[in-house]
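This report is for a reader new to the structure.

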Amino acid sequence: MDIVWEYRGHPVQTLYFEGEGKVAEMLHASPEAFAIAGLPLASWFNEKRLLVEGTLCTRLAKGLKVVNEIFHGWYRQCGLLEINASEGFAPTLPLARRTVSLLSSGVDGLTTLRQNRLDYPLGHPDSIQACITLFGINTFDCDKNGPVPARLNAFSELVSRLQELAMVEHFQLLPVYTNVRSLAPHYRYWIKVGFGAGHSAVAQLFQKQFDQVLWASDGDGANPDPGAEHPLFNRHYSTSALRLLDDGLELSRKEKVALLSQWDIGRRLMQPCHYVHIPEAGKINCGRCEKCVRTMLLLLGMGKLAKVEAFAENDVYWKILFQIPVNNRRKALLLKQSIPDLQRIGRHDLVWAIRFRIMLYSIFRH
Ligand SMILES: [Zn+2]
């Protein structure tokens with residue numbers, strides 16, 4: 001789809017979503033997907049209207065207005081838009097009573113899958129029947145020439161691992177390729193308004209196959225700070241055909257890691273790594289980035305790190321706390337979650353290092 005700017009003074013941009021084989025046949029280029037992806041961009045750059053070609057679901061048109069007002073209230077940067085469709089508004093229809101979720105192999109998506117399998121029998125309409133996995137939602141996935149070959153290789157290895165999980169847990173894996181992140185002007189845009197819309201847009205491509213999408217919470221609870229993933233938004237990115245439902249809001253990050261550490265295949269496949277650097281061959285987590293370190297600290301405190309094959313490391317050396325960025329309140333709070341267990345097992349070296357690291361953040365803010 002082409003994005004034509006009226007006020008920004010920017011050349012036309014093309015947004016794409018692609019699948020291969022059966023997945024390509026399942027994708028439906030719904031105007032709703034493109035409207036969701038376009039809303040935060042249009043608001044952030046103070047366009048006056050969001051006009052989508054085709055018919056837009058009535059429920060979503062109202063929801064986008066709400067999302068736009070929230071963005072406008074939270075961030076002075078974001079303007080209010082008129083939302084329109086060239087062929088008007090009409091409710092979409094749910095065509096299948098089936099559930100899908102998003103899965104990157106990170107802690108949140110895996111927890112949603114695991115909880116779902118524990119809570120629902122296969123065949124129940126709320127049981128996850130497919131998982132969407134995305135390429136193109138990280139800054140490093142694409143450059144000015146398109147998808148980066150090394151990143152495509154890493155994604156294809158991830159897809160192979162998830163195919164194994166799909167066999168064991170009886171779901172269909174749906175890899176989708178997009179450039180939605182490439183349209184984000186910077187990281188600040190992505191975490192404030194872009195992330196949730198980018199993922200929700202992909203979900204609406206499957207509105208002819210499923211009628212609900214489980215959206216894994218990020219472990220920050222039901223009342224997190226304003227941001228693009230806030231639980232306020234999901235119902236407003238829903239259509240009559242496909243509703244987005246929050247999942248796991250009641251769980252902390254620590255509780256999610258604990259749940260995965262008791263699951264054989266979860267221990268092998270969990271991939272919380274930021275992937276800023278592709279891990280060396282044979283490893284699926286780098287073991288050095290901020291997300292790896294805080295996950296390893298949680299596992300170590302639970303006495304599970306050595307049993308989690310997804311991490312090559314069996315211990316955490318205190319010095320690594322001073323090599324990771326702790327540059328916002330969320331990262332500091334997440335790090336803090338590991339202190340009680342580490343204290344309990346007598347790892348005072350790490351408790352001291354975490355406390356010192358958080359103190360440095362509170363003084364210098366990085
Ligand atoms: Zn890592």
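How many residues has α6, and what distance does α6 reach from its first C-alpha to its last? In this predicted model, α6 has 18 residues and reaches 24 Å, close to the 26 Å expected at 1.5 Å a residue. The helix α6 bends by about 70° at G194. Of the 18 residues of α6, 14 are buried, so the helix is largely enclosed by the rest of the structure.

**The sheet**

Six strands form an open sheet with mixed pairing, in the order β3-β10-β7-β6-β11-β12. The edges are held by β3 (17–18) and β12 (243–247); each has a single partner strand, so one side of each is left without a neighbour in the sheet. Strands of a sheet pair through backbone hydrogen bonds, either parallel or antiparallel.

Strand β11 (residues 212–216) runs parallel to β6 (residues 99–102), and three bridges join the two. Within this pairing, V100 has V213 in β11 as its bridge partner, and S101 has L214. Strand β11 is also parallel to β12, with five bridges between them. There, W215 stands opposite D246 in β12.

Which way do the residues of β11 point? Q212, L214 and A216 point one way, while V213 and W215 point the other way.

| α4 | 107–119 | β6, β7, β11 and β12 | about 125° with β11 |

The 13 residues of α4 should span 18 Å at 1.5 Å a residue, and the end C-alpha atoms of α4 are 18 Å apart, which agrees. The buried residues of α4 are V107, D108, G109, L110, T111, T112, L113 and N116.

**The two domains**

The domain assignment divides the chain into domain 1 (1–268) and domain 2 (272–364). Taken over C-alpha atoms, the centres of domain 1 and domain 2 are 28 Å apart. The contact takes 14 residues from domain 1 and 15 residues from domain 2.

Which helices each supply at least two residues of the side of domain 1 that touches domain 2? They are α5 (149–169), α7 (253–261) and α8 (264–269). With five residues, α7 gives the most to that side of domain 1.

**A loop residue**

Where is R288 found? R288 lies in the loop between α8 and α9 (290–301). Is R288 buried or partly exposed? R288 is partly exposed, with 17 other C-beta atoms within 10 Å. R288 and R117 are 171 residues apart in sequence, and their C-alpha atoms are 31 Å apart in space.

Key:
Residues are numbered from 1 along each chain as its sequence is written. This is a predicted model: local features need pLDDT of at least 70, side-chain atom pairs count only at pLDDT 80 or more; totals for chains, interfaces and linings use all residues. Two strands pair if DSSP finds at least two bridges between them. Helices (H or I, at least four residues) and strands (E, at least two) are DSSP runs, numbered from the N terminus. Two residues are in contact if their C-beta atoms, placed from the backbone, lie within 7 Å. Axes are lines fitted to C-alpha atoms, for helices over the stretch in contact, and angles run from 0 to 180 degrees between N-to-C directions. The expected span of a helix is 1.5 Å times one less than its number of residues. A residue is buried if 20 or more other C-beta atoms lie within 10 Å of its own, exposed if 12 or fewer, and partly exposed in between; C-beta atoms are placed from the backbone. The bend at a residue is the angle between axes fitted to the seven residues ending there and the seven starting there. Domain bounds come from an automatic or database domain assignment.
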